[in-house]
Amino acid sequence: PRIGNFSLRFRGRIRSAAGARWMPFVAEQQSFAEPPERLFFMRATMLGVPVEALHHLRGGAATMRVEAAGVFPISDARGPVLDRSEAVTVFNDMCILAPGTLLDSRIAWESIDPRTTRARFTLGENTIGATLTFDADGLLTNFVSDDRSRASPDGKTFTPMRFSTPVRDYRSFGPFRLAAHGEARWHAPEGEFTYGEFELVELAYNRKETPRPR
């Protein structure tokens, strides 16, 4: 069915660099398809201190705020580079979590071979690209993009870097079959590493009672 909105819950762990300590987290997300809007709220624990992060994209503009103990600011990122990066995130969500949104005139597809396709997705002023790969059963296995940038810990600077999200462990969420496990990876000059591991706990589409935030 055509998707107007989708909401989900994750749990997993995240880290800031290849050698950094993992932080366990739980997260909730609310997304709207038209016009695209994404709110991602994460609660993590760093050395026993609670850390909260809020990503919000609306009208093609994105913000990312991170606070420790609900009081001390760690990161406050915004601007055109973040907008472009979050456009990649929105398209990644569409491919992995809400494939019913992919019948969209803002997406241009190019077939590479029977198990690989390239896509161009336009959101606001940004057009981003990604390569998607599939297994023999037609299930998505990976998403790779060169149009996302890695933020510094304080959110002040960004470094362009290849981004990928291999997925696996498909199972049923209601009548839908989706990947239950995903990773977020940076392909850094010193080597590729996983910075986030996500387990999909719950997902629902087209909740009528879900208000769009003001």
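Because the model is predicted, local features need pLDDT of at least 70 and side-chain atom pairs count only at pLDDT 80 or more, while totals for chains, interfaces and linings use all residues. Residues are numbered from 1 along each chain as its sequence is written, and side-chain values use heavy atoms, with hydrogens and water left out.

Charged pairs come up a lot here: the structure holds 19 salt bridges, each being a side-chain nitrogen of Lys or Arg within 4 Å of a carboxyl oxygen of Asp or Glu. One of them pairs Arg-78 with Asp-76, whose closest N and O atoms sit 2.9 Å apart. Arg-78 is partly exposed at 47% relative accessibility, and Asp-76 is partly exposed too, at 37%. (Buried means under 20% relative accessible area, exposed over 50%, and partly exposed in between, with a 1.4 Å probe and protein chains only.) Glu-52 and Arg-43 also meet through their side chains, at 3.9 Å from N to O; Glu-52 is partly exposed at 30%, and Arg-43 is partly exposed at 44%. For Arg-118 and Glu-110 the N to O figure is 4.0 Å, with Arg-118 partly exposed at 41% and Glu-110 partly exposed at 44%. Beyond these pairs, Arg-38, Glu-86, Asp-93 and Arg-148 are tied together in a network of salt bridges.

On the nonpolar side, Met-46, Leu-47 and Ile-74 make up a surface patch with about 280 Å² of accessible area together. Patches are built from residues with over 30% relative accessible area and no salt bridge, joining like charges within 9 Å and nonpolar side chains (Val, Leu, Ile, Met, Phe, Trp, Tyr) within 5 Å; the areas come from the Shrake-Rupley method with a 1.4 Å probe, and for residues only the protein chains shown count as cover. Met-46 belongs to strand β3, residues 37–46, and is partly exposed at 35% relative accessible area.

Helix α1 covers residues 80–97. Helices (H or I, at least four residues) and strands (E, at least two) are DSSP runs, numbered from the N terminus. With 18 residues at 1.5 Å a residue, α1 should span 26 Å, and its end C-alpha atoms agree with that at 25 Å apart; the expected span is 1.5 Å times one less than the number of residues. Of the 18 residues in α1, 15 are buried, so the helix is largely enclosed by the rest of the structure.
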